[in-house]
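Dear colleague,

Please find below the sequence and structure that I am handing over to you.

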Amino acid sequence: MNATSAPSLGPFCQSCGMPLERPEDFGTSKEGFRVNDYCAFCFAKGAFTRPELTRAQVLSEIGRILAAKLDLAETEAKAAADRVAGDLKRWRQPARRAGRARAAEHPAGGRARVANAGRKAPRAARGAA
Ligand SMILES: [Zn+2]
């Protein structure tokens, strides 16, 4: 498994974009059941652990993670974070960002996630998948 470059197809936390791979990665419902939409850090016992979190904060956090993980420049990481967050249920903004809808660029819709969200060398990376 190459977690940093292979597109991860598993579920993602719909708040922070973290891939949900192990059972303990998943958040829990009020009843203690597994919640498929959110990770354990964002969602526990049926509620967001940080309800005050804003989209902007998440963007900067995701940006930081992406910058470190994928070795992106700051501006690239920001753009990638924007793409990731725009795809997450918690931060999806229905009509307001229509002008920047990524779905128009990607026939696959929201499938372009972290893994191919703005690499330093897109041309070299293309054939690698
Ligand atoms: Zn999360």
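In which loop does Asp71 lie? Before turning to that, please note that the model is a predicted one. Asp71 sits in the loop that joins α1 (55-70) to α2 (74-86). Its backbone deserves a remark: Asp71 is not a glycine, yet its phi is positive, at about 60 degrees. Most residues other than glycine have a negative phi. Asp71 counts as exposed, because it has 12 C-beta neighbours inside 10 Å and the limit for an exposed residue is 12 or fewer.

A second residue also belongs under this heading. Lys45, likewise a residue other than glycine, has a positive phi, near 50 degrees. Lys45 is found in the loop between β3 (43-44) and β4 (47-48). With 12 other C-beta atoms within 10 Å, Lys45 is exposed.

As to the overall architecture, the protein contains four strands and three helices. Read from the N terminus, the order of the elements is β-β-β-β-α-α-α. The protein has 129 residues, of which 26% count as buried. Among the contacts with a separation of 6 or more, 45% are between residues 24 or more positions apart.

The packing of α1 and α2 may be of interest to you. Two packed helices are described by the angle between their axes and the distance between the axes. The axes of α1 and α2 come within 8 Å and cross at roughly 125 degrees. On the α1 side, the contact is made by Arg55, Val58, Leu59, Ile62, Gly63, Leu66 and Ala67. On the α2 side, Glu74, Ala77, Lys78, Ala80, Ala81, Asp82, Val84 and Ala85 take part. Sorted by class, this contact comprises 10 nonpolar residues, four charged residues and one polar residue.

Finally, some details on α2 itself. From its first C-alpha to its last, this helix of 13 residues reaches 18 Å, close to the 18 Å expected at 1.5 Å a residue. Which residues of α2 are buried? They are Ala77, Ala80, Ala81, Asp82, Arg83, Val84 and Ala85. The buried residues of α2 pack against α1.

Yours sincerely

Note on methods: Residues numbered from 1 in each chain as written. Predicted model: local features only at pLDDT ≥ 70, side-chain atom pairs only at ≥ 80, totals over all residues. Helix = DSSP H or I, 4+ residues; strand = E, 2+ residues; numbered from the N terminus. Buried ≥ 20, exposed ≤ 12 C-beta atoms within 10 Å, placed from the backbone. Contact = placed C-beta atoms within 7 Å. Axes fitted to C-alpha atoms, helices over the stretch in contact; angles between N-to-C directions. Nonpolar A, V, L, I, M, F, W, Y, C, P; charged D, E, K, R; others polar. Expected span 1.5 Å × (residues − 1).
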